[in-house]
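This briefing covers a single chain.

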Amino acid sequence: MANLKLINPNSLDLSDEILEELSNGREDGEKEEFLKAVLLKAIHYSSLVSYIKLSPNCTSPRNHIIDTITIHCMAGNATVETCGNIFAPSSRQASSNYGIGTDGRIALYVDESNRSWATSSQSNDHRAITIEVANDGDASTGWHVSDEAYISLINLVADICKRNNIKQLLWQGDNSLIGQTNQQNMTVHRWFANKACCGDYLYNKHFDIANEVNNRLNQDNQEEDEVTTTAITASMNGKDTKLTSIIYNGENYVRIRDLADAQSDDKLTVSWDSANSKVIITSK
Ligand SMILES: [Zn+2]
């Protein structure tokens, strides 16, 4: 897992309910300190994600800030799990940052900090977040997508823009503006390869997508920071594991202990030395 980062134990202000929810039988005295100290800023991704299966097909880290959105279509009606399986073997040499199923569920395949291998252009993918959307219609429909998938796409792109400081989404349908993100910061696969991607249905929606996302960005300016939790499924070493993700200031955190517990062979143990304010990670 790339880009693991320990966070300052004192930098999170967790409510009693959140602490209780996460404490999992820890003794009262050490509960808060333990929880705070072992939070790990794990992977950089949207809190809208409900399924994670990290693909090995990526370049870590990306070499450019995120300033572009590239929407793809799957050219098929894969679930987020199936799409994750497609991107899982390294022989596939392909991935995307996110996937959205026809049911509207959102998956992470490549950490936002890393470059996905999606758009047949290294320079595009180093600066873009790439999103594969499932199609509930075939080529004759211009690779139609469901309303659920479309709504999730708007939600996801708005969230990506907000967290990555993209103030406005710009689309002109003009491939001569590739890389000129002050004029256009959405790109499509068909500009880089002989492909129909992202399908005419989504391609023709690009103006609407930009408008709807920009409305959202304008509305969301006043939101307060808060801490919430969400259940996620992470695929670790090929094994699906339920984890609690803690969302704070739009970033996801997981506990080191949960990651250690998720190792099926018990190779890691995590404990908290409260006297010395030290996290102790032991490898067997
Ligand atoms: Zn594509």
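**Helix packing and core**

The buried residues of H7 pack against H5 and strand S10 (186–187). The model is predicted, and its chain has eight helices and 15 strands. Buried residues account for 38% of the 284 residues. Of the contacts between residues at least 6 apart in sequence, 67% join residues at least 24 apart.

**Helix H7**

- Helix H7 spans residues 206–219, 14 residues in total, and its first and last C-alpha atoms are 20 Å apart, close to the 20 Å expected at 1.5 Å a residue.
- Ile209, Ala210 and Val213 are the buried residues of interest in H7. They lie on the same side of H7, because they cover an arc of only 95 degrees around the axis.
- The face turned away from the buried side of H7 carries the exposed residues Phe207, Asp208, Asn215, Asn218 and Gln219.

**Helix H5**

- H5 has 17 residues and reaches 24 Å from its first C-alpha to its last, which is close to the 24 Å expected at 1.5 Å a residue.
- The buried residues of H5 include Ala149, Tyr150, Ser152, Leu153, Leu156 and Val157. Also buried in H5 are Ala158, Asp159, Ile160 and Cys161.
- These buried residues pack against strand S5 (68–73), S6, strand S7 (106–108), strand S9 (128–133) and H7.
- Asn165 follows H5 and has a positive phi, near 60 degrees.

**Largest nonpolar core**

- The largest nonpolar core holds 56 residues, of which Ile100, Ala107, Val133, Leu153, Val157 and Leu169 touch the most other members. Helix H5 (residues 147–163) supplies the largest share of this core, eight residues.
- Not counting residues up to four places away in sequence, Ile100 touches Ile106, Ile131, Val133 and Ala134, and also Ala149, Ser152, Leu153 and Leu156.

**Backbone geometry**

- Most residues other than glycine have a negative phi, and most peptide bonds are trans.
- Ser60 and Pro61 are joined by a cis peptide bond with omega about -5 degrees. Pro61 is in the loop between strand S4 (58–59) and S5.
- Cys198 lies in the loop between S10 and helix H6 (199–203).
- Gln93 has a positive phi, near 55 degrees, and lies in the loop between H3 and S6. Gln93 counts as exposed because 10 other C-beta atoms lie within 10 Å.
- Trp143 also has a positive phi near 55 degrees, in the loop between S9 and H5. Trp143 counts as buried, with 24 C-beta neighbours inside 10 Å.

**Ser90**

- Ser90 is located in the loop between helix H3 (80–87) and strand S6 (98–100). Ser90 is exposed, since it has 9 other C-beta atoms within 10 Å.
- Leaving aside neighbours within four places in sequence, Ser90 is in contact with Pro56 and Asn57. Ser90 and Cys58 are 32 residues apart in sequence, with their C-alpha atoms 9.5 Å apart in space.

**Confidence**

- The chain averages a pLDDT of 82, and 71% of the residues score at least 70.
- Over residues 1–11 pLDDT stays under 50, and the model has 22 contacts for them beyond four places in sequence.
- Where pLDDT is low, the predicted coordinates should not be read in detail.

Technical notes. Residues are numbered from 1 along each chain as its sequence is written. This is a predicted model: local features need pLDDT of at least 70, side-chain atom pairs count only at pLDDT 80 or more; totals for chains, interfaces and linings use all residues. Helices (H or I, at least four residues) and strands (E, at least two) are DSSP runs, numbered from the N terminus. A residue is buried if 20 or more other C-beta atoms lie within 10 Å of its own, exposed if 12 or fewer, and partly exposed in between; C-beta atoms are placed from the backbone. Two residues are in contact if their C-beta atoms, placed from the backbone, lie within 7 Å. A nonpolar core is a set of buried Ala, Val, Leu, Ile, Met, Phe, Trp, Tyr and Cys residues joined through C-beta atoms within 7 Å. pLDDT is the predictor's confidence in each residue, from 0 to 100. The expected span of a helix is 1.5 Å times one less than its number of residues. The arc is that of the directions from the helix axis to the C-beta atoms.
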